[in-house]
Amino acid sequence: YAHVIRICHVTHVPNMAASVFQRVRTGSKIGAQYDQEGNIIQVETREDEEQSIKLAEILELLLAAGYFRARIKGLSPFDKVVGGMTWCITTCNFDIDVDLLFQENSTIGQKIALTEKIVSVLPRMKCPHRLEPHQIQGLDFIHIFPVIQWLVKRAIETREEMGDYVRAYSISQFQKTHTFPEDEEFEQRKQKAVRTVVEVSEVYAPQRRYKRQADAGELLDEESRVHSTLLEYGRRYGFSKHSKQDKAEEKKLLMAQGAQSVPPGMAEVSEEEDLQAAEELRIKALMTGMAAMANEEGRLTASTVGQIVGLQSEEIKQIAIEYAEKAERSAEDRPERYGPVQQHRRMVASFNKQIQQRTKELEEMQTKQREVRAACEEAKSKLTEATELGEQLEGELSALADVEAQADSGLLEKLRALVAMNENLKQQEQEFRTHCREEMTRLQKSIEDLKIEFGDEADDQKERSRLIDQQYNTDREKLQKIRLLMARRNREIAILQRKIDEVPSRAELTQYQKRFIELYSQVSATHKETKQFFTLYNTLDDKKVYLEKEVNLLNSIHDNFQQAMASSGAKEQFLRQMEQIVEGIKQNRIKMEKKKQENKMRRDQLNDDYLELLDKQRLYFKTVKDFKEECRKNEMLLSKLRAKGAS
C-alpha cells in the first residue's frame, strides 16, 4: 500500500512540470517587468525630434516605392524599416547568396542575424553608403535614411527596366490562348497573300539572256564583273558613282588651277553626257564578248551589238558632233598669243609651282597639327589629373561630411573652437615673429646710424647695445614661453578629445542597458526552463526505478507463491517474509514523509527569508525615491537662495 502511494505521488509531478512548460516556452517574448510597487519598469529612452522626422521620411519613401505595409499602425518601427529594406533588396532582383527571411515580431537573436545579413548584402549591391548592424537595431534613422533612399531608387529603376519585359511576356502569354478579330482576319488573308507573292516571284523571276564566252578574257576589276553579270540577265547598269566623283574632282581641280588653262569648249560640255557616252562604250565592249543563250557557241555580230546599244547610239553621235563644233568655235574666238608648245610649258610650270606651294602648305599644316595634337595631349593629361584630384577632394569632403554628421554637435563645436584658437595662436606667433624681425632690422639700422653719427661715444654705444641685447633676449624668452604654453594647450586638447571619445553617450548607454536587460531576461527564462527539464528527467528516472522494483517484487511473489502453498512450513515462512516486506515499506514511507516534512520546513524558512528581503527592497526603493525628492527640493531651495543673493 505504501509502495502504491509512493508511485501515485511520483506520477503527479510530470503533470505539474507540463503545466509549467505550457507557461514558459523557448523563444517566447518576455513580458513586462514590474517593480515592488507594481509599476512597470520603464527603460530610459531619448525622444529625438530629428530621428522622428527621418522615420517619417523613410516611411514616405517606402510608401512611394510600393511597400504599403508601412501604413500598418500595429507594426513596430523596426519591423517597418527592416521589412522595407528586405522588400527593396528583393525587388532589385540582385543575385545574392543570402536568405533574407523576414518575419514580424522576431526575437532579438533573429533580429541580429537578419540585420547582419542585410549589412553584408549592401556592399555586394555597390551601395555607396555604409551601415552597421547596431545602427539598424538601435533605430538610428539618420544613418538608415540614405540607405533606404538608395534602395528605393534602385528598386524603382529595376521596376522600370523590367516593366517592358514583363509587359511583353504577359502579351505573349495572352496571345497563346486568346486572339483578336484582327488576328483572325489576318490569318484568313495570310495564305492567299503568300500564294500570290510566290506566283508573282515565279512569273517575274530573272532569266539569263546572254553568256560570256570562255575566250573573251577575264575581267580584272569588280565593277566590270558586276556590269557583265547584269548585262547577262538583260539589265542595263546605270552610271558609276565612282566615275561621277572622279569627274567632279577633276573638274574642281581644273577650276582651281585657273580657267585660262582649260579650253572653254571642253568646260561647256555636259558632265552627264560624257558619263553616258563612256557608259555606252563600256557596255558595247562587254557585249562583244557575250553570246545569246539560244546559240552559246556563236559570237555576237555587229548587228547584234547595234541592236543592244541602238537605243542610245544616235544620242552618242549627236553629242560628238556638238562637241566638235564647240571646240572649233572656241578655237576661233580665242586670240593665239602663244604657240601650243609654249602654252603647254607655261601650264606645266604653273602646275609645278602650285604643287610646290600646296606641298609647303601641307608641311606647315602637318607641323601645326603635330603641335596642336601635343598641346591637346598635354591638356588632356592635365584635365585627367585635375579630374582625379577633384574626385579625391570630393571623396575626402564626403568622408568629412559623414564624420561630421556622425559626431556629436556639441563636441564638434568645442573642437572647432579649439582648432580656431590654435590657428589664432599660430597666426599670432607668425605676426610676432615678423614684428620681431622688423624690430631687429630697425634696431640694427639705428645702431649703424648711431655708430656713424656718434663714433666717439663708445661707452654709450655699448650700453645701448647691451640694452638692445637684453630686450632681445627678453622677447625671445617670452616667445619660448608662448610656444610652451601653446604646446601644453595642444596636449590638453588631445587628452580631452581622447577622454570624450572614450566616454559613451547617453543614447549608447541606454541602448546597451536595453540590450543587456533583454539578454538577461532571455537567459533567465532559458535557465529556468532547463532546470525544469532536469527536474522532470530526475522525477521520471525515480519513477522508473520504483516501477522496476515493484515489478521485480511482484514477479518474485508470483514465482514463489505455488511453492509456498505446497506445505505449511513454506507457507508460514512466506507469510513472515511478506510481513517483513510490508514492515520495510512502512519504514521507508515514514522516512520519506519525514524527509518531505523537513524539505517543507526548509521551503517555508526560505520563503520567510525571501519575504523579508522583499520588504527590505521595498524599503530601499522607497528610501531612494524619498532621497531623490529631497534632493530635488534641496536644489530648488538652493536655486532660490542663489537668486535672492544675486538680487
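Trainee: Is F621 buried, partly exposed or exposed?
Mentor: In this predicted model, F621 is partly exposed, with a relative accessible area of 36%.

Trainee: And what does F621 pair with?
Mentor: F621 forms an aromatic pair with Y620, and the pair is tilted, with 5.9 Å centre to centre and 55 degrees between the planes. Y620 itself is exposed, at a relative accessible area of 53%.

Trainee: How many aromatic pairs does the structure hold?
Mentor: There are four aromatic pairs, and one of them joins Y67 and W87, which are tilted at 40 degrees between the planes and lie 5.8 Å apart, centre to centre.

Trainee: Where do Y67 and W87 lie?
Mentor: Y67 lies in the loop between α2 (49-65) and α3 (77-91), while W87 is in helix α3, so the pair ties together parts that are 20 residues apart in sequence.

Trainee: Which is Y67, buried or exposed?
Mentor: Y67 is buried, because its relative accessible area is 7% and the cut-off for buried is under 20%. W87, by contrast, counts as partly exposed, with 24% relative accessibility.

Trainee: Changing topic, what sits over the ring of F145?
Mentor: That is the charged end of K54, which is placed 4.4 Å from the centre of the F145 ring.

Trainee: And the chain overall, how many helices and strands does it have?
Mentor: It has 18 helices and two strands, and of its 647 residues, 17% are buried. Among the contacts with a separation of 6 or more, 68% come from residues 24 or more positions apart.

Trainee: What does the accessible surface come to?
Mentor: The accessible surface of the chain is about 50,700 Å², and carbon and sulfur atoms account for 55% of that surface.

Conventions:
Residues numbered from 1 in each chain as written. Predicted model: local features only at pLDDT ≥ 70, side-chain atom pairs only at ≥ 80, totals over all residues. Heavy atoms only, no water. Phe/Tyr/Trp six-rings, centres within 6.5 Å; stacked < 30°, edge-to-face > 60°. Helix = DSSP H or I, 4+ residues; strand = E, 2+ residues; numbered from the N terminus. Buried < 20%, exposed > 50% of the residue type's maximum accessible area, 1.4 Å probe, protein only. Lys NZ or Arg CZ within 6 Å of the ring centre and 35° of its normal. Contact = heavy atoms within 4.5 Å. Areas by Shrake-Rupley, 256 points an atom, 1.4 Å probe, with all protein chains shown as cover.
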